[in-house]
Amino acid sequence: MEHNNCLHSINACVVIPTYNNCNTLSRVIEGTLQYTKDIIIVNDGSTDLTTQILQSYEGLEIIEHTINKGKGEALKSGFSKAVELGFDFAFTIDSDGQHYPDDIPSFVNEILTNGEALLIGARNMDQEGVPKCSSSGNKISNFWYWFETGVKLSDTQSGFRIYPIKKLKSIKCYTSKYEFEIEIIVRASWSGIKVKNIPIKVLYDETERVSHFRPYMDFSRISLLNTVLVIISLLYIKPRDYLRKFKNKGFKRFFFEDLLHSQDTPLKKSFSVALGILIGLSPLWGFHAVTAIFLAVMFRLNKFIAFAFSNISLPPLIPFIVYAGCATGNFLLGNKEMEFKWDDFDSYSNTAGNHILEYIVGSIIFSIICSFLAGVVTYFILDNKKSENFIQTHN
């Protein structure tokens, strides 16, 4: 058979993990052979006709798992063999027939044009025939990937990928099944490897396609993995990245570019101030900073500004904040006046405790009002300053 051999230009092979996909396996192999003979098949404990099908091909590197270990373990076996054989990159193609091997040259051209990266084929999840559960699951996965890495992708679950395997050797992954494909791209991004999407075609033929994805068990594993990755990201990766930027840029540049984000629009900064004030005046004692940072990340606002203004509840201001909340609640609920001594800590803490309903209602309303006013005032100040700078620049 003639081979295009376009993969030779980047020293790549193709890894095809397979488990009981005898209906589509031959088609996937035949299509891939149009582009390379360097194919590694990982038979992950198949019990159908897979073994007989593989025996009809010569020259393929075949790895046999005596029992089904999971897609993650199959990929790890394939990558280890690819590194052993001296390849720099490894394509992965699912054996269920949903991928078109003729998209392979697009991956190669992207690498040759823009340099080394981990590329993930981006499917059109809105096209006819794509299961709704797959589309919804992909959107959820995309969100958590962005939250954990700061990288925005349109498809994080596609199995049609190309991995820079030699750079992945030092990355330790702990999962063994479908969730491995999430863990590896998160850890790759954390280690500094570029992770990008490239458009591909996709075929969903439910008459012959066999999926071994178990919705309850695999979704639970993926959810647990994302929980762990989010914790690692918040407690280690993000602080580590900020420290690295601080060392590379120096305090002044780091403060304006990474903390203050001087390039942010006045509107974005104003919303960040408003969010910080809203959380800082709310009755979330002990959780102001964490909540402000989480919501700032969620809504893509300025994390530093939101965090800074959430600390409005400093000890000297706490009596005034508690009193304002209680007084607002009393006014709204029509209750009697409170007894309040400014120089007595127990006085304002007991006041809030004895008027808990008034305090909670009042502090929420008070924080919303102050948040709105702070946001509006900040916007007009920043917008006016921006206009002055523009005028000075053009005079």
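This is a predicted model: local features need pLDDT of at least 70, side-chain atom pairs count only at pLDDT 80 or more; totals for chains, interfaces and linings use all residues.
Guide: Numbering starts from 1 along each chain as its sequence is written, and side-chain values use heavy atoms, without hydrogens and water.

Visitor: What share of the residues is buried?

Guide: Buried means under 20% relative accessible area. Out of 395 residues, that share is 45%.

Visitor: What is the strand order in the open sheet?

Guide: The protein has 7 strands and 15 helices (DSSP runs: E of at least two residues, H or I of at least four). The open sheet has 7 strands with mixed pairing, where a pair needs at least two DSSP bridges. Its order is S3-S2-S1-S4-S6-S5-S7.

Visitor: Which strands stand at the edges?

Guide: Each edge strand has a single partner, so one side is left without a neighbour in the sheet. They are S3 (61-65) and S7 (195-199).

Visitor: In S7, which residue is the bridge partner of Leu119?

Guide: S5 (residues 118-122) pairs with S7 in the parallel sense over 5 bridges. For Leu119, the partner is Lys196.

Visitor: At what angle does helix H1 run to S1?

Guide: H1 (residues 22-33) lies across S1 (12-18) and S2 (39-44). Angles run from 0 to 180 degrees between N-to-C directions of axes fitted to C-alpha atoms. For H1 and S1, the angle is about 180°.

Technical notes. Contact means heavy atoms within 4.5 Å. Buried means under 20% relative accessible area, exposed over 50%, partly exposed in between (1.4 Å probe, protein chains only).
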